[in-house]
Amino acid sequence: MDDHAEKPETYVRKGGQMYNNIMVPVDLGHTKTLGRALETAADLAKHYGAKVTYVGVTSSAPGSVANSPEDYQAKLGEFAKTQADAHDVKTAAHSAVSHD
């Protein structure tokens with residue numbers, strides 16, 4: 001390597017690690033298709049010591065996944081706990097209600 005060649009800069013985030021919280025959008029109606037995304041998020045979380053927050057959007061009307069926003073939040077929370085146990089990472093769940 002040429003000693004005079006420019007070296008890439010290294011950026012260090014002031015205050016510590018690069019990622020503290022990784023947000024992952026999830027569709028609880030299609031969890032079987034999320035495998036690669038869930039694995040990638042867990043790998044990043046382990047590498048950076050970050051938490052993974054699973055985010056889902058529901059309706060105020062009953063749907064195929066849940067009967068109410070509270071029911072949806074409970075199911076999303078259970079999904080997050082399952083992921084925490086499966087990947088040994090800290091997780092959280094956040095749901096939002098779409099008022100269509």
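**Entry: ring pairs.** I am working with a predicted model. I describe a pair of aromatic rings by the distance of the centres and the angle of the planes. How many aromatic pairs are there? I count two.

I looked up Tyr 19 and Tyr 48. Their rings pair edge-to-face, with 4.9 Å centre to centre and 75° between the planes. Tyr 19 sits in the segment before strand S1 (21-25), and Tyr 48 sits in helix H1 (residues 35-48), so this pair ties together parts that are 29 residues apart in sequence. Are these two residues buried or partly exposed? Tyr 19 is partly exposed, at a relative accessible area of 36%. Tyr 48 is partly exposed too, at 23%.

Next I took Tyr 54 and Phe 79. This pair is also edge-to-face: 5.3 Å centre to centre, 85° between the planes. Tyr 54 belongs to strand S2 (residues 51-59) and Phe 79 to helix H2 (residues 69-87), so the pair joins parts 25 residues apart in sequence. I find both Tyr 54 and Phe 79 buried.

**Entry: the core.** I turned to the largest nonpolar core, which has 17 residues. Which members touch the most others? I noted Val 24, Val 26, Val 52 and Tyr 54. S1, H1, S2 and H2 each give two or more residues to this core. H2 supplies the largest share, four residues.

**Entry: Val 26.** I listed its contacts, leaving out residues up to four places away in sequence. Val 26 touches Leu 34, Tyr 54, Val 55, Gly 56, Tyr 72, Leu 76 and Phe 79. Both rings of the Tyr 54 and Phe 79 pair are thus on the contact list of Val 26.

How values were computed. Residues are numbered from 1 along each chain as its sequence is written. This is a predicted model: local features need pLDDT of at least 70, side-chain atom pairs count only at pLDDT 80 or more; totals for chains, interfaces and linings use all residues. Side-chain values use heavy atoms; hydrogens and water are left out. Rings of Phe, Tyr and Trp (its six-membered ring) pair if their centres lie within 6.5 Å; planes under 30 degrees apart count as stacked, over 60 as edge-to-face and the rest as tilted. Buried means under 20% relative accessible area, exposed over 50%, partly exposed in between (1.4 Å probe, protein chains only). A nonpolar core is a set of buried Ala, Val, Leu, Ile, Met, Phe, Trp, Tyr and Cys residues joined through side-chain atoms within 4.5 Å. Contact means heavy atoms within 4.5 Å.
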